[in-house]
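Q: Please go through the labels used for this model one by one. For each label, state the rule behind it and the value that meets it.

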Amino acid sequence: MKSIIPVFALVVCLSVGGSAWAEGITVNNASFETPGEECYYQGDDAAWFDLTQWHAIGTAWYVAIYPPGWYPEYHFYDDPTPDGDFVGCSSYGYPGSLWQQTGHAFSTGESYTLSVYDGCRTDLGFPTSKIRLYAADPGATDLSTATLLKEVTATDPGAGKFALQTLTFGPGDANYDSPPEGAVGKDFIIELSATPDPYWEADWDAVSFSFDLNYILGDMDGASPHISCCFDGFCIVRWPYRLVYAELQAS
Ligand SMILES: [Ca+2]
């Protein structure tokens, strides 16, 4: 049944956009605080994944997790570590990346935001560092078979600083408006990548991934519903203390 959108409710929905209902997508070990000690990729991806919940691509010893603030004598950063003590990194002239597959599938009814703090040490230059979003069948263990949906190149935070880098993926993006064959419905993969020049390094921390619905809610009288789950434009909504079934109107 088609719902009717009261004018004032429509204004409320448009004014807040979809962000009022942003939902987080789980990123395992998003802050690199596991395993809680300095560790270096040893060239065995399975062992590294067991240890960190991130896959690694790169050269042994040059993809790592470490706590910059534990070495004040080196003064790696003026800024504090964005979250906790540890950061992930790819360093010293060797291309490398960290990636993981989420349990959330690509839907053209949703828009996505992936963000990470990129850090540039005082003693090393900032490399070409990219944030990438892919789709692949669940259980992917090889990034080369995944479909690249979008990438952004991080801006240099400046020596000793961390800066938030953000990738958005939604209407207006080429691979969103015309998805590659088979990409819709497959689970997202996120990748943090660096192509360091000699002695340059990218550090990463506090990864965040979320989605918004590409719809505005009708028939809600301006209330603040919580969307529990959606299917093809219909949602189960808590409003405010009971579950209702609501049709969503395209924004
Ligand atoms: Ca951290």
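A: A nonpolar core is a set of buried Ala, Val, Leu, Ile, Met, Phe, Trp, Tyr and Cys residues joined through C-beta atoms within 7 Å. Buried means that 20 or more other C-beta atoms lie within 10 Å of the residue's own; with 12 or fewer the residue is exposed, and in between it is partly exposed, the C-beta atoms being placed from the backbone. The largest such core here has 47 residues, and those with the most contacts inside it are Leu 114, Leu 133, Tyr 134, Ala 135, Phe 188 and Trp 204. Elements giving two or more residues to this core are E4, E5, strand E7 (110-120), strand E8 (128-136), strand E10 (161-169), strand E11 (187-195) and E12. In soluble globular proteins, nonpolar side chains tend to be buried together.

The model is predicted: local features need pLDDT of at least 70 and side-chain atom pairs count only at pLDDT 80 or more, while totals for chains, interfaces and linings use all residues. Residues are numbered from 1 along each chain as its sequence is written.

Q: What makes a stretch a helix or a strand, and how many of each does the chain have?
A: Both are DSSP runs numbered from the N terminus: a helix (H or I) needs at least four residues and a strand (E) at least two. By that rule the chain has three helices and 16 strands. Of its 251 residues, 36% are buried.

Q: Which residues is Tyr 62 in contact with, leaving aside its neighbours within four places in sequence?
A: Contact requires that the C-beta atoms of two residues, placed from the backbone, lie within 7 Å. Under this rule Tyr 62 touches Ser 90, Ser 91, Tyr 92, Tyr 94 and Gly 96, once neighbours within four places are set aside. The C-alpha atoms of Tyr 62 and Glu 201 are separated by 9.5 Å, although these residues are 139 apart along the chain. Across the chain, 74% of the contacts with a separation of 6 or more are between residues 24 or more positions apart.

Q: Why is strand E5 (residues 87-91) described as enclosed?
A: Five of its five residues are buried, so strand E5 is largely enclosed by the rest of the structure. Val 87, Cys 89 and Ser 91 point one way, Gly 88 and Ser 90 the other way, and all are buried. In a regular strand the side chains alternate between the two faces of the sheet.

Q: How do you know which strands E5 pairs with?
A: Two strands pair if DSSP finds at least two bridges between them. E4 and E5 run antiparallel and are joined by four bridges, with Val 63 bridged to Ser 90. E5 also pairs with strand E12 (residues 201-213), again antiparallel and over four bridges; there Gly 88 stands opposite Trp 204.

Q: What makes E3 and strand E9 (147-153) edge strands?
A: Five strands form an open antiparallel sheet in the order E3-E6-E11-E8-E9. E3 and E9 each have a single partner strand, so one side of each is left without a neighbour in the sheet.

Q: How many bridges join the strands E6, E11, E8 and E9?
A: Seven bridges join strand E6 (residues 96-105) to E11, where Gln 100 stands opposite Ile 190. E8 and E11 pair over nine bridges, and Ala 135 is the bridge partner of Phe 188. E8 and E9 pair over six bridges, among them the pairing of Lys 130 with Thr 153. E11 is mostly covered, with seven of its nine residues buried.
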